[in-house]
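Here's a quick briefing to read with the model open beside you.

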Amino acid sequence: MKKIEAIIKPFKLESVKEALTDLGITGMTVSEVKGYGRQKGHKEVYRGAEYNVEFNPKTKLELVVAEELADKIVNAIRESANSGKIGDGKIFVTPVDNVMRIRTGEQGKEAI
């Protein structure tokens, strides 16, 4: 099994969700996060005063999937989240040793 974490621009969430639904993904965890990478922060003006916004709003997706689906899912996220501009995000893939469904005690792929 693999855990896929994707940091994307918030306005891309719907298109990513649709792409994953088309692949048969029925669940994921979504969080609103803030961060920065190469794009750094940006400047904004509020009531005539200029200030630096150091962290940009992002959306984080987390999924645990069967290993054989991981590459398809990563490609679907990349294609649907790509705007071609700096700050599109990152995708992280890590191994998962085990998963357990709390309600039933099922483990492994059956618990996903």
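What follows covers confidence, a helix pair and a few individual residues.

This is a predicted model, where local features need pLDDT of at least 70, side-chain atom pairs count only at pLDDT 80 or more, and totals for chains, interfaces and linings use all residues. Residues are numbered from 1 along each chain as its sequence is written, and side-chain values use heavy atoms, with hydrogens and water left out.

**Confidence**

- The protein chain averages a pLDDT (the predictor's confidence in each residue, from 0 to 100) of 91, and 96% of the residues score at least 70.
- Among the chain's elements, strand β1 (residues 2–8) has the highest mean pLDDT, 98, while strand β3 (residues 42–46) has the lowest, 70.
- Helices (H or I, at least four residues) and strands (E, at least two) are DSSP runs, numbered from the N terminus.

**The α1/α2 pair**

- Two packed helices are described by the angle between their axes and the distance between the axes.
- Here, the axes of helix α1 (residues 13–22) and helix α2 (residues 70–81) come within 8 Å and cross at roughly 150°.
- Those axes are lines fitted to C-alpha atoms, for helices over the stretch in contact, and angles run from 0 to 180 degrees between N-to-C directions.
- So α1 and α2 are roughly antiparallel to each other (angles over 145 degrees count that way).
- The crossing of α1 and α2 is right-handed, as in the near helix being turned clockwise from the far one by less than a right angle.
- On the α1 side, Ser 15, Val 16, Ala 19 and Leu 20 meet Ile 73, Ala 76, Ile 77, Ser 80 and Ala 81 of α2, with contact meaning heavy atoms within 4.5 Å.
- That α1 and α2 contact splits into 7 nonpolar, 2 polar and no charged residues (Ala, Val, Leu, Ile, Met, Phe, Trp, Tyr, Cys and Pro count as nonpolar, Asp, Glu, Lys and Arg as charged, and the others, Gly among them, as polar).

**Ser 80, in α2**

- Ser 80 sits in helix α2 and, at 14% relative accessibility, counts as buried (under 20% relative accessible area; exposed is over 50%, partly exposed in between, with a 1.4 Å probe and protein chains only).
- Not counting residues up to four places away in sequence, Ser 80 touches Lys 12, Ser 15, Val 16 and Ala 19.

**Residues in strands**

- Lys 3 is in strand β1 and, with 26% relative accessibility, counts as partly exposed.
- Outside four places in sequence, Lys 3 touches Glu 62, Leu 63, Val 64, Phe 92, Val 93, Thr 94 and Val 96.
- Val 45 lies in strand β3 and counts as exposed at 59% relative accessibility.
- Leaving aside neighbours within four places in sequence, Val 45 is in contact with Glu 50 and Tyr 51.
- Gly 89 belongs to strand β6 (residues 89–95) and is partly exposed at 42% relative accessibility.
- Gly 89 and Thr 59 are 30 residues apart in sequence and 9.2 Å apart in space, C-alpha to C-alpha.

Methods
Parallel < 35°, antiparallel > 145°, perpendicular 65-115°, else oblique.
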